[in-house]
Amino acid sequence: MGFFSKVKKLWVSPEDRAAKALKEYLGDKEQPIQEIAPKDSAQQEAPIQRETVELTKAVAQKPAATQDSKPEPKVEATSTPETTPVPEPVSAPVSETVATPKPAPDPQPEIETSAKLKDGKARIIEPIMATEAKPDADKPQWQSDLTKALQQADPRLSVWLDLILDGIDTAGEDLWARLTFLLKALEAPAKEAEDFVARFKEWLSDMDYEHVEEFRSELQYRLALALELEDEEDERSRLFIKLSEGLSKTREQITKRLDSLLSSHSAFDDNFWEEFEEILIMADVGFEATSELVSRMKARIRNSGETNPENFKDLLRAELDEVFKVPKRIKAYNPPEVVMMIGVNGVGKTTTIAKIAHREQMQGRKVLIVAGDTFRAAAIGQLEIWAKRVGAGFFAKAEGSDPAAVAYEAIDYAVKNGYDLMLLDTAGRLHTKTNLMEELLKIRRVLGKKHDEAPHRCVLVIDATTGQNAMSQTKLFNEAIGVDELILTKLDGTAKGGIMIAVTMQHKIPITFIGLGEKMEDLRPFNGADFAKALLM
Ligand SMILES: Nc1nc2c(ncn2[C@@H]2O[C@H](COP(=O)(O)OP(=O)(O)OP(=O)(O)O)[C@@H](O)[C@H]2O)c(=O)[nH]1
Ligand SMILES: [Mg+2]
């Protein structure tokens, strides 16, 4: 859960919507809501403030997410060094400028940090949206300017970020101060805001990034996750652009040919369907899925009464949307949720684990990464580096250990240390005579014995660039191990994106994420409707 899932509403809205957000929140808690003051009433301002105190207290009392309560992940019986993702505290100048407001001559209520509220004393909190940006002798000019600009801005993350980054070219104290200011204005618990900034700093230093253009996108992604804004239009359109860029080669393969088919036919005759079939096969949709898709399209066209291929693309888009629709699964399990990542070598299992861990950590879950690929020391080392980078816990045993034993012990470790999610990496190829499938089945069995219904998700990672090969891999793994979800990586830059259609139609396994590049933000939840739209633009 992002750290301001409730309070963010205060920010995105003017006073009346802030009051509505409070009302909703307090409604959840079955508290009277009629006390919320109508706007423009100075006398009635107090109830808003009182309730805001409660709201912020509730946020502050939320079990501290991720890092602060996390014990150091211990690497047992391994030669690899311990992973200790301890973020550096926000440096003094930042907290001095931002986190500790100096006494103001103005009797206006101070903006308190939520961290201070953890001591249980009620204080008056003023949501920044409801506060007039009064000139304040003690407040640096940039803070007043920024407050005003944010108040007047369109409530969209990209717009806020533009304002935060206005005049900033490189990472440094100015950026930390402005970022902390934004988080504080959103009433993020101070510790979580601090962690956010500290982790981002750490990431910049790991990546050796300095200039805004190098990290803006990652910063926006992190904020979107933390603020739970990923589903909002702004972020969705950013993802759509990325998806559409990633699919450009596949689109070229399909759309160009489709356009010429549509312009050269004035009826849905046999010749039309034959050519359509050919286009799909060339785009790696595969024989079986192609013939199913063609019959489904024929039926759709019959039912629609459409006789002219002019509107064919719209109908195809609607059909693809249907193809990718999957019923929502009800998730119910005792933590930790155990996810087993499988797939042949080189498809992207390890990097995908890192990307998922990154997402989940940003959303407030405590993640343990487990090195179940014990056959190469390099694999353990690579995973450990990733765990450190994304701030997740790490569990491994010595190279050559039995992967099932690693999985078994990792569950104990995860339970003991209160992890929410355990991501188990596995080998893609064995360097012993043992059969990979038997090995994976053994891990699966051991997990199930150790923890109720584990693995809760068995995720097969496939490399989209392998085209039809992905089909046989899916069949093999599904029959041998059982696959709950698919993640398709390396969709960026391949013309073989049609494999998404093939694999979904034939195996009826939902695709949950797609990989559109090597960066953390390049793993995104899969949305069938967006895929169909991006493919048939
Ligand atoms: N372009 C692109 N590269 C990716 C993507 N996902 C992973 N990769 C790259 O693919 C390569 C292999 O990734 P790994 O995560 O090591 O693959 P693996 O499945 O763990 O490999 P083994 O451990 O050898 O079985 C790395 O260079 C990744 O950066 C993606 O979505 N797009
Ligand atoms: Mg690997």
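A salt bridge is counted here when a side-chain nitrogen of Lys or Arg lies within 4 Å of a carboxyl oxygen of Asp or Glu. By this rule the predicted model has 21 salt bridges.

**Charged side chains**

Side chains of opposite charge can pair when their charged atoms come close. One such pair is Lys242 and Asp522, whose side chains form a salt bridge with an N to O distance of 2.9 Å. This pair connects distant parts of the chain, since its two residues are 280 residues apart. Lys242 belongs to helix 11 (residues 233-246), and Asp522 sits in the loop between strand 7 (511-515) and strand 8.

Elsewhere, Asp269, Asp270, Glu274, Glu275, Glu277 and Glu278 make up a negative surface patch. Of these, Glu278 is part of helix 13 (residues 270-282).

Eight strands make an open sheet with mixed pairing, and their order is 3-2-4-1-5-6-7-8. Strand 3 and strand 8 are the edge strands, each pairing on one side only. From one strand to the next, the twist averages 25 degrees.

Within the sheet, strand 5 and strand 6 run parallel and are joined by five bridges. Val461 stands opposite Ile487, which is in strand 6.

| Strand 3 | 393-395 |
| Strand 8 | 523-525 |

Technical notes:
Residues are numbered from 1 along each chain as its sequence is written. Chains are lettered from A and ligands numbered from 1 in the order in which they are written. This is a predicted model: local features need pLDDT of at least 70, side-chain atom pairs count only at pLDDT 80 or more; totals for chains, interfaces and linings use all residues. Side-chain values use heavy atoms; hydrogens and water are left out. Two strands pair if DSSP finds at least two bridges between them. Helices (H or I, at least four residues) and strands (E, at least two) are DSSP runs, numbered from the N terminus. Axes are lines fitted to C-alpha atoms, for helices over the stretch in contact, and angles run from 0 to 180 degrees between N-to-C directions. Patches are made of residues with over 30% relative accessible area and no salt bridge: like charges are joined within 9 Å, nonpolar side chains (Val, Leu, Ile, Met, Phe, Trp, Tyr) within 5 Å. Accessible areas come from the Shrake-Rupley method with a 1.4 Å probe; for residues, only the protein chains shown count as cover. Lys and Arg count as positive and Asp and Glu as negative; His and the chain ends are not counted. The place of a charge is taken as NZ of Lys, CZ of Arg, CG of Asp or CD of Glu.
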